Amino acid sequence: MNRTKLAANLPLFYVYSFLNSFILDRAIWMLFLVSQGFSLTEIALIESAYHCTIFLLEVPAGYVADRYGKRVSLLMAEVAGVMSSGLLLAGGHASILVAGFILGGLVGTFRSGATSALIYETLKQLGKEKQFKRYNSQLSAVMLVTLGISGVAGGALSDIGWAWVYAGKILLSALTFAVVYVLTEPLDSAEGAGEGKEAYSFRKQLRLAYEFGRTNLSFASLCLYGAVLYSMSWSVAFYSQVVFQSVALSNQRIGLVNGLETWLSAAVAAVAFIGERRLGQKGTIVVAGIGYMISLCLFSMSGDAKSAVACFFLMAVVISYLEPLMEAYLNELLPSPIRATMLSVFSMMISVGMMITFSVIGFLADRTNVSTALQEVLIVWVPVCLVCIGWAVKRTEKRSGSE
């Protein structure tokens with residue numbers, strides 16, 4: 001492996017993170033569906049179908065990344081991205097729009113495990129895997145800044161016409177494809193970390209993944225903790241569009257709020273690895289979990305635009321601190337031959353959580369409103385989250401003691 005070519009991946013990861021995160025409809029996709037005549041219950045069903053697609057295809061997509069290469073998986077994601085945005089641009093019939101959104105789930109499956117695994121394997125081959133937290137914090141900051149810019153851009157473009165939003169997404173997928181094409185695949189990733197091609201038969205891959213997940217309770221506890229936290233966080237982030245609209249914010253202002261939120265989150269993500277040096281893994285798990293619960297409860301009780309936006313910012317800060325560190329914690333536990341597959345398992349667990357939380361909130365919100373629905377859901381979700389925090393902390397302590 002040419003180390004010079006492999007080292008060239010590092011700056012390209014920043015370019016990829018920028019393009020990959022320029023999601024023009026990130027802050028307004030629910031408003032797009034509402035404008036097309038969908039109810040919140042119907043949108044909840046569409047979102048559930050989206051995450052059901054992810055659930056079914058995550059592990060096969062992770063296998064593709066581990067067997068054929070992370071780069072191949074990311075290239076396939078961009079092809080699917082062009083197709084998804086093309087259907088949404090064509091529009092017309094409700095079935096075409098639903099198909100476009102569900103196909104977007106395929107994009108996520110090809111990216112989810114492959115992206116983090118490609119970065120970690122590149123650093124590992126260069127002898128820099130201990131710097132993953134720093135690199136991932138910086139890449140997360142780039143991602144969040146980009147999301148902020150794209151949120152503002154998407155809101156402005158939607159006021160002109162929704163076609164501009166999805167034509168822009170097609171162009172961004174094409175540019176991202178070009179960047180991924182020039183990346184170099186790490187040797188371990190391409191050749192199975194010395195375990196031979198036999199390790200990459202799908203049946204054996206599933207068996208290895210199952211055995212690892214069953215025996216490594218540290219990984220299992222972190223996955224469950226992250227899935228419970230992220231599924232609620234992502235659901236609330238989407239439903240916040242409806243909350244902001246209910247307090248008389250325009251599409252452009254909703255895009256601006258999401259832009260400001262991501263810029264604030266970017267600053268936190270960029271220095272997350274510094275905060276983790278003081279708190280450690282156990283402290284990070286507790287602070288992030290309890291902090292998000294408190295801020296979410298406050299958000300559900302906010303009655304005006306100022307308090308809703310302030311609580312929204314607080315939730316985003318807590319999650320943006322955790323996300324780059326969670327990836328590091330998981331990668332540190334994973335062997336190279338099944339890295340992308342197991343990261344896909346984590347994404348699959350988040351999708352299961354999303355199917356539950358997003359659907360329940362949507363059904364309840366159609367009968368009352370989003371804020372009331374959140375308050376009702378929190379009665380069950382908070383105790384579940386507390387149990388997950390406790391288990392993750394316990395496994396962290398045991399792992400530290402065994403080391």
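Colleague: Buried means under 20% relative accessible area, exposed means over 50%, and partly exposed lies in between (1.4 Å probe, protein chains only). Into which class does Glu 211 fall?

Modeller: Glu 211 is partly exposed, because its relative accessible area is 33%. Please note that this is a predicted model, in which local features need pLDDT of at least 70 and side-chain atom pairs pLDDT 80 or more, while totals for chains, interfaces and linings use all residues. Residues are numbered from 1 along each chain as its sequence is written, and side-chain values use heavy atoms, without hydrogens or water.

Colleague: Which side chain does Glu 211 meet in a salt bridge?

Modeller: Its partner is the side chain of Arg 214, at 2.7 Å from N to O. A salt bridge here is a side-chain nitrogen of Lys or Arg within 4 Å of a carboxyl oxygen of Asp or Glu.

Colleague: How many salt bridges does the structure hold?

Modeller: The structure holds seven. One of them joins the side chains of Arg 111 and Glu 78, at 3.0 Å from N to O. That pair links distant parts of the chain: Arg 111 belongs to helix α6 (residues 94–125) and Glu 78 to helix α5 (residues 70–90), 33 residues apart.

Colleague: Are Arg 111 and Glu 78 buried or exposed?

Modeller: Arg 111 is buried, and Glu 78 is buried as well.

Colleague: Moving on to Lys 133, which side chain meets it in a salt bridge?

Modeller: The side chain of Glu 276 does, at 3.4 Å from N to O. Glu 276 lies in helix α13 and Lys 133 in helix α7 (residues 132–160), so this pair ties together parts that are 143 residues apart in sequence.

Colleague: Is Glu 276 buried or exposed?

Modeller: Glu 276 is buried, because its relative accessible area is 10%.

Colleague: Which residues are linked with Glu 276 in a network of salt bridges?

Modeller: Lys 133 and Glu 332 are linked with Glu 276 in that network.

Colleague: One last item: where is Ile 294?

Modeller: Ile 294 is in helix α13, which spans residues 272–301. Glu 276 lies in helix α13 too.

Conventions. Helices (H or I, at least four residues) and strands (E, at least two) are DSSP runs, numbered from the N terminus.
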